[in-house]
Amino acid sequence: QLQLVESGGGLVQPGGSLRLSCAASGFTSYYYTIGWFRQAPGKEREGVSCIKSSINYADSVKGRFTISRDNAKNTVYLQMNSLKPEDTGIYYCAASAANYCSAYVKYDYWGQGTQVTVSS
């Protein structure tokens, strides 16, 4: 069964860092576009970053977040630095069969989400 499992969320102070992991099983994530999304309280889900041959970031996280993958571990990471309160939300990873990363391609598989809270 294809599955994505996020981990690494938690509570951090503004300016802190977290590293999120998206572990894939049942398929090889290398052949998919992997996206990170987040949903803040009371807001709709938004794209954060995605990776395939290229990498994209939302303007709000550029320079602070870094997406990467470890193919041997079949895992995609999101390193989040200089966190701000507005980064708070549930973070999801998702997989798409598209050959390029975009918020507008169809993401077929989704993880359960991991909570990130940035607060003093």
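These legends walk you through several views of one predicted model.

**Before you look.** Residues are numbered from 1 along each chain as its sequence is written, and side-chain values use heavy atoms, with hydrogens and water left out. Because this is a predicted model, local features need pLDDT of at least 70 and side-chain atom pairs count only at pLDDT 80 or more, while totals for chains, interfaces and linings use all residues.

**View 1. A chain built with eleven strands and zero helices.** Strands (E, at least two residues) and helices (H or I, at least four) are DSSP runs, numbered from the N terminus. Starting at that end, the elements read β-β-β-β-β-β-β-β-β-β-β. The radius of gyration is 13 Å, close to the 14 Å that the globule rule gives for 120 residues, so the chain is as compact as a globular protein of that length. Here the radius is taken over C-alpha atoms, and the rule is 2.2 Å times the number of residues to the power 0.38. Along the principal axes, the C-alpha atoms fill a box of roughly 40 × 25 × 25 Å.

View 2. Now look at contacts, meaning heavy atoms within 4.5 Å. Among those between residues at least 6 apart in sequence, 58% join residues at least 24 apart.

**View 3. R38 and its partners E46 and D87.** A salt bridge is a side-chain nitrogen of Lys or Arg within 4 Å of a carboxyl oxygen of Asp or Glu, and the count for this model comes to four. R38 meets E46 in one of them, at 2.8 Å from N to O. R38 also forms a salt bridge with D87, where the closest N and O atoms are 2.9 Å apart. This second pair links distant parts of the chain: R38 sits in strand β4 (residues 33–39), and D87, 49 residues apart from it, lies in the loop between β8 (75–80) and β9 (89–96). R38 counts as buried at 5% relative accessibility, and D87 is buried too, at 1%. E46, at 35%, counts as partly exposed.

View 4. The side chains of D59 and K62 meet in a salt bridge of 3.0 Å, N to O. D59 is exposed, with a relative accessible area of 65%. Which residues do salt bridges with shared partners join into one network? They are R38, E46, R64 and D87.

Methods. Buried < 20%, exposed > 50% of the residue type's maximum accessible area, 1.4 Å probe, protein only.
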